[in-house]
Amino acid sequence: MAGCVARRALAVGSRWWSRSLTGARGPRPLCSAGGAGAFPPAATTTTRRHLSSRNRPEGKVLETVGVFEVPKQNGKYETGQLFLHSVFGYRGVVLFPWQARLYDRDVASTAPEKAENPAGHGSKEVKGKTHTYYQVLIDARDCPHISQRSQTEAVTFLANHDDSRALYAIPGLDYVSHEDILPYTSTDQVPIQHELFERFLLYDQTKAPPFVARETLRAWQEKNHPWLELSDVHRETTENIRVTVIPFYMGMREAQNSHVYWWRYCIRLENLDSDVVQLRERHWRIFSLSGTLETVRGRGVVGREPVLSKEQPAFQYSSHVSLQASSGHMW
């Protein structure tokens, strides 16, 4: 059982998610230029080789938007780097990096397992290692093509009012792991369509990449740092289903003379096998250090029962949880 310790001690486990995935034999969707395959219409000349005329939607034409660069094995990408997402295929641009601690339970550990925790599950001792993630903008033209596999309004914030539980989202904002970046260059001065692109980035042909941060981006990052910060990432594979979980602390609010602590969590499911599987149900056990234990069960997640196939192996979504104490655990 994976018990994942995160910032402010929120823990998220992945075992129940893996067990909720059941085999689903059925027709597999074909790759298409419309974004259902490995890459969206943002295909470069190199990308075209992955898309044949027989699975291209009627009337759709691939267009060249740039030239691939060699992915970085060492070091990190700079602000303004254009890229294709290696899993979801959308075009994006890097705003700034985050240095997170990755707790990978697929990596063998010689440490003994911890004793049972108060909620009734064991927790494998795992040492975190530094891993680079990036805050990015998603090209608005690609959002319709990935909306069934990845939420494009997943980064949410609590309203500024201390007594408000209202949430607001920034569309087209995402977190991307270093290995998911496929860098490319473009001669277009506005290669990404997003309402924040020109507010955050300035074209400078003397730089590489030729987009530099404006003062508005630096001010926005500093102001929202506590709610944007990505500090811990948890990963585990069970029966060829890899689950990656990222928790975010959102803040505390007053409710009926008590404190309520809000969290956002992002979950990514990846099918590493050739068999087709479908997520049919969810089963959460949520323990707060105030002493409460809650069980949540239901069909699918966020109103969907995603199918993970060889052509579309991943699904990513975000949700929220509130605790009566400043720390707790989820399985």
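Is C143 buried or exposed? C143 is buried, at a relative accessible area of 16%. Buried means under 20% relative accessible area, exposed over 50%, and partly exposed in between (1.4 Å probe, protein chains only).

## Model and confidence

This is a predicted model, in which local features need pLDDT of at least 70, side-chain atom pairs count only at pLDDT 80 or more, and totals for chains, interfaces and linings use all residues. Residues are numbered from 1 along each chain as its sequence is written, and side-chain values use heavy atoms, with hydrogens and water left out.

pLDDT is the predictor's confidence in each residue, from 0 to 100. The chain averages 79. Of the residues, 74% score at least 70. Two stretches call for care. Residues 1-11 stay under 50 in pLDDT. The model has 55 contacts beyond four places in sequence for residues 1-11, where contact means heavy atoms within 4.5 Å. Residues 115-120 also stay under 50, with 10 contacts beyond four places in sequence. Where pLDDT is low, the predicted coordinates should not be read in detail.

## Around T152

T152 sits in the loop between α2 (143-146) and β7 (156-158). Helices (H or I, at least four residues) and strands (E, at least two) are DSSP runs, numbered from the N terminus. T152 counts as buried because its relative accessibility is 17%.

Which residues does T152 contact, leaving aside neighbours within four places in sequence? They are C143, I146, I170, P171, G172 and L173. L173 is 21 residues from T152 along the chain. The C-alpha atoms of T152 and L173 are separated by 6.8 Å.

## Salt bridges

Side chains of opposite charge can pair when their charged atoms come close. A salt bridge here is a side-chain nitrogen of Lys or Arg within 4 Å of a carboxyl oxygen of Asp or Glu. The count comes to 12 salt bridges. R91, D139, R141 and D142 are linked in a network of them.

R235 and E179 meet in a salt bridge at 3.7 Å, N to O. The pair links distant parts of the chain, 56 residues apart. R235 is in strand β13 (residues 232-238), and E179 is in the loop between β9 (173-177) and β10 (181-185). R235 counts as buried, at 12% relative accessibility. E179 is partly exposed, at 42%.

D180 and R268 form a salt bridge at 2.8 Å, N to O. D180 lies in the loop between β9 and β10 and R268 in strand β15 (residues 258-271), so the pair ties together parts 88 residues apart in sequence. D180 is buried at 6% relative accessibility. R268 is buried at 11%.

E281 and R297 meet in a salt bridge at 3.3 Å, N to O. Here the pair links strand β17 (residues 281-288), which holds E281, with strand β18 (residues 293-299), which holds R297. The two residues are 16 residues apart. E281 is partly exposed, with a relative accessible area of 32%. R297 counts as exposed, at 55% relative accessibility.

## Cysteines

A disulfide is a covalent bond between the sulfur atoms of two cysteines. The cut-off used is a pair of cysteine sulfur atoms within 2.5 Å. How many disulfides does a search of the whole structure find? The search finds zero. C266 is buried, with a relative accessible area of 12%. C143 is buried as well, and C143 is among the contacts of T152.
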